[in-house]
Amino acid sequence: MAYKNLFGISQRRAFRRLVTNNRERLYRMAYAWTSDPHLADDLVQQTLLKALKNQKQLRDFAAAEGWLFRILANCLTDYRRAKRELLSADDLEIVDRVTPEHQFNDEQLVRRVRRAVQRLPINHRQVVTLVDLEEFSYASVAQILGIPVGTVMSRLCRGRRALREHLLEMKPRESSRPATNIKRVK
Amino acid sequence: MNKDDKISEEQLNAFLDGELESEERSCLFNEAELSDDLDQRLCQQRKLKELVKHAYRDVPQPNRLLSGRRTRTGLVGLAMAACLLLVVGFTTGMFMRGHLEPAQYPGGNATAGNTQAVTAMENYILHVISGEPEQMGLALQKAEELLSTAEPGYPRQVEVVANEQGLDLLRSDVTPFSKEIRALANENVIFYACSKAIQRLEEKGVEVQLVPEAITRYSALDRVVIRMKDGWQYIKI
């Protein structure tokens, strides 16, 4: 059902509300992916421009949030492709200098976590943040990033394992146990 | 072999992320009751998840699109952002050109001096990014032209938005067009200075003073988006 019929309001108004309600979330996600406030903001603006341009393609309002995040992911992909560069951990070091987190008592912890997240390959970083920050289901993440659910699970697994190594100073479980002991429960 | 050895990381993640069915969740709860090791793994995974959430609960904010809040950020990525802004501006212009019918797009490429007829009731937002006096003058000329071609009884709204080097148009100590801006403002042309461009200059130590007719609240692109959503036509100079 077209969302304009579902809500009985104009498409333009519904779209405006959609943008208003999701801009903060999009920005937070973009920042988690890039660790760069300006770049994150530009990506969100690009996302909104593209969403604005293609708003007629959105037929199911229930899928609107995923649709916006998918556009955001595509914008980042386009940006990285255009720049032909990886947003490496080196970039993250700069961010810490310019974003004093006065509101946190545990500034060091926040920095440490962000640095660890930034060290993840972008594919893992996207999955981890979409699941942990936005609490998207695996199926939604799969749709947003255009990958199978199984890939979402494996990337999430590897991403969290790496974070655990960095943050909890705990080696991956697999390395401390014989491989034969690792089994999947059906 | 311990029971928890059967539990894969994928299963633990699925459990924490609420992806397991009720029966599977109960099963895992039970196993965690019996195994300290599994319980510890669960706690660690949960802690990890909460850490990530915590780290991004509040993130540094740039200028906002709709809330109008303004916070200061650093110099990080300015070069990248500037490049990206150029790309975005260019892209915006390109797709708008692609979407506007010739009759709706007076002047087409403004720099080409094309002078097609305009539709009476449309409002226009002119986006100035160049600091070249010729381009800035062209923008003012276009604003005047748009006003003059409005049908009597159907006043047209025109807004000039300046960012990047185009901000010079609205800087009182730089612009060579103070009189023209004042005259156009008297004709209800709105002059809008990009908050982000101002912020970037200020971060470089440049004191930005705007002509009294200029207003600022959003970034240029934010303003363009807002006006476009209101149905305004976009012209990039």
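In what order do the five strands of the open sheet in chain B run? The legends below get to that. This is a predicted model, in which local features need pLDDT of at least 70 and side-chain atom pairs count only at pLDDT 80 or more, while totals for chains, interfaces and linings use all residues. Residues are numbered from 1 along each chain as its sequence is written, and chains are lettered from A and ligands numbered from 1 in the order in which they are written.

**View 1. The open sheet of chain B.** The five strands line up as S4-S3-S2-S1-S5, and their pairing is parallel. Strands here are DSSP runs of E with at least two residues, helices are runs of H or I with at least four, and both are numbered from the N terminus. Two strands pair if DSSP finds at least two bridges between them. S4 (214-215) and S5 (233-236) stand at the edges with a single partner strand each, so one side of each has no neighbour in the sheet.

**View 2. A helix from each chain, packed together.** H6 (residues 107-119) of chain A packs against H3 (residues 36-55) of chain B at an angle of about 105 degrees, with the axes 9 Å apart. That makes the two helices roughly perpendicular, a label for angles of 65 to 115 degrees (under 35 is roughly parallel, over 145 roughly antiparallel, the rest oblique). The axes are lines fitted to C-alpha atoms over the stretch in contact, and angles run from 0 to 180 degrees between N-to-C directions. On the H6(A) side are A:Val110, A:Val113, A:Arg114 and A:Val117, and they meet B:Leu51, B:Val52 and B:Ala55 of H3(B). Being in contact takes C-beta atoms, placed from the backbone, within 7 Å. The residues of this contact come out as six nonpolar, no polar and one charged (nonpolar: Ala, Val, Leu, Ile, Met, Phe, Trp, Tyr, Cys and Pro; charged: Asp, Glu, Lys and Arg; polar: the others, Gly among them).

View 3. Among the buried ones are A:His124, A:Val128 and A:Asp132. Buried means 20 or more other C-beta atoms within 10 Å of a residue's own, exposed means 12 or fewer, and partly exposed is in between, with C-beta atoms placed from the backbone. In the loop between H7 and H8 (138-145) sits A:Glu135, whose phi is near 55 degrees, a positive value in a residue other than glycine. A:Glu135 counts as exposed, with 12 C-beta neighbours inside 10 Å.

**View 4. The largest nonpolar core.** This core has 89 residues, and those touching the most other members include A:Val141 and B:Val128. A nonpolar core is a set of buried Ala, Val, Leu, Ile, Met, Phe, Trp, Tyr and Cys residues joined through C-beta atoms within 7 Å. Helix H2 (residues 11-34) of chain A supplies the largest share, eleven residues.

**View 5. Around helix H6 of chain B.** B:Arg182 is found in H6 (residues 178-186) of chain B and is partly exposed, with 13 other C-beta atoms within 10 Å. In the loop between H6 and S3 (190-193) of chain B is B:Asn188, which is exposed.

Methods:
Contact = placed C-beta atoms within 7 Å.
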